[in-house]
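Please load the model in your viewer and keep the selection panel open. The tour below goes from one selection to the next.

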Amino acid sequence: MNKTSNNSKPSAPHSKRGHEGLTWFMLFLLVLIIPNLVLAVTEQLTAGGRVAGIVMPLAVYGLIMSLSRKTGRTMILMFPVLFLGAFQMVLTYLYGRGPIAVDMWLNLVTTNSGEVDELLSQLLPAIVWVVVIYVPTIALAATLWAKKRWANGAMVKALRLPALFATAGALLFTALLSGLTPYSPTNDMFPLNAVCNLGMAFGRQTASVEYKETSKDFRFYAKCSFEDKEPETLVLVIGETSRADNWQLYGYSRKTNPLLMQVKGLTVFTNYMSQSNTTHKSVPILLSLAEADNYDILYHTKGIMQAFREAGYHTVFLSNQQRNHSFIDFLGEQADDCLFLRDSHPDNAYDTDLLVPLAQKLARQKGKRTFIVLHTYGSHFSYADRYPDFMREFKNDQYDGAKREYRPQLINAYDNSICQTDLLLRRIIEQLAAQGGSAAMVYTSDHGEDIFDDARHLFLHASPFPSFWQLHVPLVVWTSPAYRERHADIARCLNANRRKRAESNSVFHTLLTMGGVTTSYRNDSLSLASHSLTPPFPPHRRLFIDDHNEPRPYSECMQKEDFEAMQRHGINMK
């Protein structure tokens, strides 16, 4: 009797350990699969795609977890998957849908540390709930491992075979699905898509590192077609995160462009969209032959600085952004003079600080043909840091992070940043006018921004699927009286084309036309300064360059809210 009693005592803790082990096992599986459950709701997939996106990863996770009694250690070793899950959840919170894209990985290496600190300090509300899920999970796993609290061996062994069969079945189902439907695990299944995109990002980063070598022999063989020897000054100002919706020139109810509204010789292009919602793609499209239809031409050709230099212009690149060893830097460095303000001013510099070096360059090159590019910091979040106190036209402009309830304050700050751009452009025009002679200025932004504009509650930019507000950006051109007189035909074309459909790949060719730069690479059918600006036959669809550098028509990447907004603004949807 005593023997039986003694034998029964160890069973209680043994059973308790088994129940604990099963609880930990199921808890860790739940945490691992949360991103897949969320993506099954947010992504535009078939029913089969949603099932595969949950069942396949769940089966694999279950199989991995069943390989060892040391459940806590297994979870720690799966930290990369947890990191990807947390990253994916934050992006889903911000953008509403889409996987961890190639562009997101590239942003990690092309965004400077100051910008990251500034952004994270405002996005804490968006990531707190993610931290609440993942940090305790990692802490629990570490505790179980440190205290050697292993799961019941019999339980783990019993789960192993079903997990193996489930994995095999899920693999077969996924293979059949991808063979019979457009479903692609490398594009549509998390975390496989995130890992594949990371590999693609490494490839693109390598290509950018090798760019100077692969493009070193490229030439435009450009010449200047202007027969007279009169000086010409042409300035391109590249805005940052400036959307046309908040420009008074585009019908906005607020006076965000009070200075530009008074300028004569200004042409506003009202049917214009950016081809990208990321800076590291959209700016090269403005400065090179790259476009949504053929973005990879960027990797072995040079940019607009090279074309103007070959045509006899002195070229200058002035930037208020930090170097990040990207194509923007490489294209800017092709100029005769290249200055990054933040090389000597690492702290926040306002865009108006560019006016001093601009005046110096203009004075030095007076009487010569000069082409200048100014790359501004514009309206990049956090908006309230983009302008000095005396530019606080719209109040209250203070907010505690990127929260929907702060939209009025965020809009006030954003509109103040547009006023700062308005001031900058007016001062540039004044400098060019004071210079005398034939002068012109072109302004456009790289992309726009979401600011909790509709029921989707989207914020920021660079999402894998763009919104109307991320792509609808301003494009304005100013020409001096002397320019309009000397190049009357170009001035007439600019005015005649101001309502025609155009995208950011037109800027490169428009600038070449305005500067009289002739080259076989110039495409006048894309130039807003040319009579030849006509849609190809049949008319091409508006395009967005996606995460894999492929052109996507709006019908494949936008939602009904975006098409409704385009219709309200009179923008051609095709």
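**Salt bridges**

Select Lys560 and Glu561: their side chains meet in a salt bridge, with 3.9 Å from N to O. The term stands for a side-chain nitrogen of Lys or Arg within 4 Å of a carboxyl oxygen of Asp or Glu. Lys560 is exposed, at a relative accessible area of 54%. Here exposed means over 50% relative accessible area, buried under 20%, and partly exposed in between (1.4 Å probe, protein chains only).

This is a predicted model, in which local features need pLDDT of at least 70 and side-chain atom pairs count only at pLDDT 80 or more, while totals for chains, interfaces and linings use all residues. Residues are numbered from 1 along each chain as its sequence is written, and side-chain values use heavy atoms, with hydrogens and water left out.

Next, select Asp415 and Arg254. A salt bridge joins their side chains at 2.8 Å, N to O. Asp415 lies in helix α16 (residues 407–435) and Arg254 in the loop between β2 (232–239) and β3 (266–268), so the pair ties together parts 161 residues apart in sequence. Helices (H or I, at least four residues) and strands (E, at least two) are DSSP runs, numbered from the N terminus. Asp415 is buried, with a relative accessible area of 0%, whereas Arg254 is partly exposed at 26%.

Then go to Arg456 and Asp562, whose side chains form a salt bridge of 2.9 Å, N to O. This pair also links distant parts of the chain, 106 residues apart: Arg456 sits in the loop between β9 (450–451) and β10 (459–460), and Asp562 in helix α22 (residues 560–568). Asp562 is buried, with 0% relative accessibility.

How many salt bridges does a search of the whole structure find? The search finds 24.

**A nonpolar patch**

Select Leu27, Leu30 and Leu37, which form a nonpolar patch on the surface with about 240 Å² of accessible area together. Patches are made of residues with over 30% relative accessible area and no salt bridge; like charges are joined within 9 Å, nonpolar side chains (Val, Leu, Ile, Met, Phe, Trp, Tyr) within 5 Å. Accessible areas come from the Shrake-Rupley method with a 1.4 Å probe, and for residues only the protein chains shown count as cover. Leu30 lies in helix α2 (residues 11–42) and is partly exposed, at 46% relative accessible area.

**Cysteines**

Finish with Cys196, partly exposed at 30% relative accessibility, and Cys557, buried at 2%. The count of disulfides (pairs of cysteine sulfur atoms within 2.5 Å) is zero.
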